[in-house]
Amino acid sequence: MTLEDDTVTIARPSADPRLGRRAMIMAAGLGRRMLPLTEDRPKPLVEVGGRPLIAYSLDRIAQAGVERAVVNVHYRADQIEAFLGGVGQPDIVVSDERDRLLDTGGGIVRALPELGGDPFFILNSDAIWIEGAEPALERLRARWDEDAMDCLMLLAATATSIGYTGYGDFHMDPDGRLFRRGEGEVAPFTFAGAYLVHPRLFAGMAEEPFSMNLLWDRAAARGRLYGLRHDGVWLHVGTPDAIAAAETALRDL
């Protein structure tokens, strides 16, 4: 049995200063759902509100004090590398997947040597949100529990997200543990494109193509996959049609 109670209060210990000082931005996808805009550019460089999608993720990690960010590249990699060359903060390391697209999980495994031994942030390159009372990444830091968690996801409420039309991804219990939506169900929360993860989650995984869904499901089965509801507004920019709604929200909210 699960419970989605927005009134649950979660105690927030002081954030460990080691948390999230490194981050990875996932930018190696093919961007097929964003066609025809991705015929001549990678999805991270598609513009929303006059800025490339990836610029929003870079802003969030810079504001959170991330010192080093790994960005993986594959499709039209030269364009992303050229853009990253003009980024002043944080320090950027490119993880090159031109030889082979490794999917979300394998791409992170390849980048692990640059990400260190402490929990680190992972953001999708198209993750855009409007902050609530506190910055979302700082809230993830404050909620992190080293003993209980392997992964802590930022979640968006499906009912209030802009541009999202799916059935949701997760149910959440009163302690924040996550459970997958069952076949034919509607779930109240969807993954918002950002999470804090411990490197131990990748133990034993090879540098081969695999989805992070595999490791999320393993963590959930052990009771170590947790979520935190975003207290602002999440913008789902998955298709060209969603861009106009996202631009309106960024302008008006």
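**Questions on a predicted model**

User: In this predicted model, what percentage of the 253 residues of the protein chain count as buried?
Analyst: Buried means under 20% relative accessible area. Of the 253 residues of the protein chain, the share that falls in this class is 48%.

User: What radius of gyration does the protein chain have, and what would a compact globule have?
Analyst: The C-alpha atoms fill a box of roughly 45 × 40 × 35 Å along the principal axes. For 253 residues, a compact globule would come near 18 Å. The protein chain agrees with that, at 17 Å.

User: How many helices and strands does the protein chain have?
Analyst: Both kinds of element are present. The count comes to six helices and 13 strands.

User: Among contacts between residues at least 6 apart in sequence, what percentage join residues at least 24 apart?
Analyst: Contact means heavy atoms within 4.5 Å. Take the contacts in the protein chain between residues at least 6 apart in sequence. The part joining residues at least 24 apart is 74%.

User: Which element gives the largest share of the lining of the largest pocket?
Analyst: This pocket has a volume of about 1000 Å³. Helix H3 (103-115), strand S6 (120-124), strand S11 (189-197), H5 and strand S13 (233-235) each give two or more residues to its lining. The largest share is five residues, and it comes from S11.

User: Which residues of the lining lie nearest the centre of the largest pocket?
Analyst: The lining holds 38 residues. They divide into 19 nonpolar, 12 polar and seven charged. Nearest the centre lie Arg 33, Lys 43, Thr 104, Asn 124 and Asp 126.

User: Where is Arg 224 found, and is Arg 224 buried or exposed?
Analyst: Arg 224 lies in the loop between helix H5 (212-221) and strand S12 (225-229). Leaving out residues up to four places away in sequence, Arg 224 touches Glu 146, Asp 147, Ala 148, Met 149, Asp 150, Cys 151, Arg 200 and Ala 219. Its relative accessibility is 18%. With a limit of under 20%, Arg 224 therefore counts as buried.

Note on methods:
Residues are numbered from 1 along each chain as its sequence is written. This is a predicted model: local features need pLDDT of at least 70, side-chain atom pairs count only at pLDDT 80 or more; totals for chains, interfaces and linings use all residues. Side-chain values use heavy atoms; hydrogens and water are left out. Helices (H or I, at least four residues) and strands (E, at least two) are DSSP runs, numbered from the N terminus. Buried means under 20% relative accessible area, exposed over 50%, partly exposed in between (1.4 Å probe, protein chains only). On a 1 Å grid over the protein atoms alone, a cavity is a set of points where a 1.4 Å probe fits but cannot get out, and a pocket is an open set with protein on both sides within 12 Å along at least five of seven lines; lining residues have an atom within 4 Å of a point. Grid points are joined across faces, edges and corners, and a volume is the space filled by probe spheres set on the points. Ala, Val, Leu, Ile, Met, Phe, Trp, Tyr, Cys and Pro count as nonpolar, Asp, Glu, Lys and Arg as charged, and the others, Gly among them, as polar. The radius of gyration is taken over C-alpha atoms; the globule rule is 2.2 Å times the number of residues to the power 0.38.
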